[in-house]
Amino acid sequence: MQKTGKVYGYVRVSTRDQNEERQLIAMREYGLADSQIVTEKQSGRDFERPKYRQLLKKLKSGDTLVIKSIDRLGRNYEEILEQWRLLTKERQVSLVVLDMPLLNSGSERDLTGTLIADIVLQLLSYVAQTERENIRQRQAEGIAAAKARGVRFGHPPMDMPEGFEELKRQWTEGKITSRQAGKLLGVSYQTFLRRVKGAGKK
């Protein structure tokens with residue numbers, strides 16, 4: 001493919017998934033030098049991507065951006081499509097997707113090729129988003145099923161010292177404060193209140 005501008009590679013991994021080497025190898029096999037590759041470690045919760053934003057400022061019409069797969073552009077369906085539109089339509093940047101050459105954009109593509117690429121992109125983005133949502137749903141269903149079986153999550157409740165029930169009764173009747181009850185039991189008033197509320201649910 002004839003390149004009229006600069007070529008950059010973008011590699012992104014989360015801080016929990018340190019396998020950027022796989023993406024780097026693919027970039028080098030494509031022909032990029034390490035100096036052309038921007039690598040970013042970004043967690044799923046904090047998706048600011050400062051290096052990607054800096055790269056966007058550098059990219060000019062005629063430049064090429066190489067990525068391993070389309071999900072490097074964003075976390076979800078809408079974000080991937082928005083970045084694709086920004087890069088290819090507004091910035092006039094050619095995109096090379098190593099895992100899916102059919103998506104590669106560029107000035108040499110005809111109208112049919114561009115249309116096919118856009119359709120495939122939307123389908124792949126939708127599938128990726130749906131899979132993420134399915135994973136979250138399966139996790140939620142698994143947690144709900146475990147709770148229904150009596151599995152408890154988090155730290156087990158602290159055993160209350162002898163006298164808790166009597167102090168709870170006095171607190172309920174307004175005879176003592178939660179701080180006084182906690183002090184007598186040797187626990188914080190927050191712990192006392194949590195156990196009172198928890199006991200009330202049984």
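**From chain to helix pair**

From the N terminus on, the elements run β-α-β-α-β-α-β-α-α-α-α. That comes to seven helices and four strands. Both are DSSP runs numbered from the N terminus: helices are H or I with at least four residues, strands are E with at least two.

This is a predicted model: local features need pLDDT of at least 70, side-chain atom pairs count only at pLDDT 80 or more, and totals for chains, interfaces and linings use all residues. Residues are numbered from 1 along each chain as its sequence is written, and side-chain values use heavy atoms, with hydrogens and water left out.

The chain has 202 residues, and 35% of them count as buried (under 20% relative accessible area, 1.4 Å probe, protein chains only). Now take contacts (heavy atoms within 4.5 Å). Among those between residues at least 6 apart in sequence, 62% join residues at least 24 apart.

Next, a helix pair. The axes of α5 (residues 164-172) and α6 (residues 178-185) come within 10 Å and cross at roughly 170°. Axes are lines fitted to C-alpha atoms, for helices over the stretch in contact, and angles run from 0 to 180 degrees between N-to-C directions. The crossing angle therefore makes α5 roughly antiparallel to α6 (over 145 degrees).

Which residues make the contact? From α5 come Phe 164, Leu 167 and Trp 171; from α6 come Ser 178, Ala 181, Leu 184 and Leu 185. Six of the contact residues are nonpolar, one is polar and none is charged. Here Ala, Val, Leu, Ile, Met, Phe, Trp, Tyr, Cys and Pro count as nonpolar, Asp, Glu, Lys and Arg as charged, and the others, Gly among them, as polar.

Notes: Buried means under 20% relative accessible area, exposed over 50%, partly exposed in between (1.4 Å probe, protein chains only). Angles under 35 degrees count as roughly parallel, over 145 as roughly antiparallel, 65 to 115 as roughly perpendicular and the rest as oblique.
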